[in-house]
Amino acid sequence: MAETKPKVDVRRQVKVMKNAGGKWVLVLALPKYDKTRRVRLSESVKEALAEHMRRYPPVTVTLPWGNPEGDPVTIELIFTSGPIERDDGKKVRPPKPGALHRSWFARCIWKPAAIKAGIVDPAKEREPDAPPRDYNGMHALRHWFASVLLAGGEGIPAVSEWMGHSSASITLDRYGHLLPDNEDRMTDLIDAALDVDHEQGALNVHSQDHQGLR
């Protein structure tokens with residue numbers, strides 16, 4: 001019997017919101033669409049997380065829940081801000097140790113890594129009115145994730161659940177063009193259902209397939 005892959009409960013996220021003074025601050029909140037979910041964890045991701053946690057133990061962080069004035073909630077975070085060693089030996093320090101701020105991460109970690117990997121700076125390639133997340137921003141990771149699953153034959157409902165979409169129709173509208181071309185597979189399925197003997201050129205329809213057609 002195959003070993004069941006571990007599952008992860010997606011119960012919260014770190015969001016950026018404005019407080020009463022107009023300053024952007026970090027808060028804890030429910031995941032996208034206020035929808036918690038449970039997803040399976042691939043072995044490669046589990047191993048990568050275990051190695052990351054071994055090298056950088058989780059950090060206890062306290063943030064308000066729901067909005068900047070919400071009650072404080074204390075949790076352990078796996079990915080947190082800290083000094084970043086650059087190629088030139090200098091350190092890039094975050095504005096405040098603790099939960100990652102997306103703008104700091106994008107500017108100090110994501111963008112330099114993308115450029116070093118030979119990926120074009122999204123700010124120089126996108127159309128003037130196009131959102132950067134649709135190019136080489138971190139949001140591209142979601143598109144990559146969906147495309148890998150769909151190209152591998154995963155169904156729309158499962159991908160929708162993994163992506164946290166409110167409905168499968170959203171997933172189909174956004175990523176339907178990534179579905180593999182299954183015309184050959186479709187004809188093979190029909191041939192199998194009709195039991196086509198290609199060598200004899202015969203067509204054998206199983207009796208149970210046409211009992212209701214008499």
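Predicted model: local features only at pLDDT ≥ 70, side-chain atom pairs only at ≥ 80, totals over all residues.
Visitor: Where is the place of H165?

Guide: H165 lies in the loop between α5 and α6.

Visitor: Why does H165 count as buried?

Guide: Buried means under 20% relative accessible area, and H165 has a relative accessibility of 1%, so H165 counts as buried.

Visitor: What makes the pairing of the side chains of H165 and T171 a polar contact?

Guide: A polar contact requires a pair of N or O atoms within 3.5 Å, and the contact between the side chain of H165 and that of T171 is at 2.7 Å.

Visitor: How do you know that the span of helix α4 agrees with its number of residues?

Guide: Helix α4 has twelve residues, 140–151, which at 1.5 Å a residue should span 16 Å, and because its end C-alpha atoms are 16 Å apart, the two values agree.

Visitor: Which residues of α4 are buried, and why are they said to line one face of the helix?

Guide: The buried residues of α4 are A146, L149 and L150; seen down the axis of α4, the buried residues fall within an arc of 95 degrees, and therefore they line one face. These buried residues pack against α5 (156–163) and α6 (168–175), whereas the face of α4 turned away from the buried side carries the exposed residues W144 and A151.

Terms used:
Residues numbered from 1 in each chain as written. Heavy atoms only, no water. Helix = DSSP H or I, 4+ residues; strand = E, 2+ residues; numbered from the N terminus. Expected span 1.5 Å × (residues − 1). Buried < 20%, exposed > 50% of the residue type's maximum accessible area, 1.4 Å probe, protein only. Arc of directions from axis to C-beta. Contact = heavy atoms within 4.5 Å. Polar contact = N/O pair within 3.5 Å; in protein donor to acceptor, adjacent residues only side chain to side chain.
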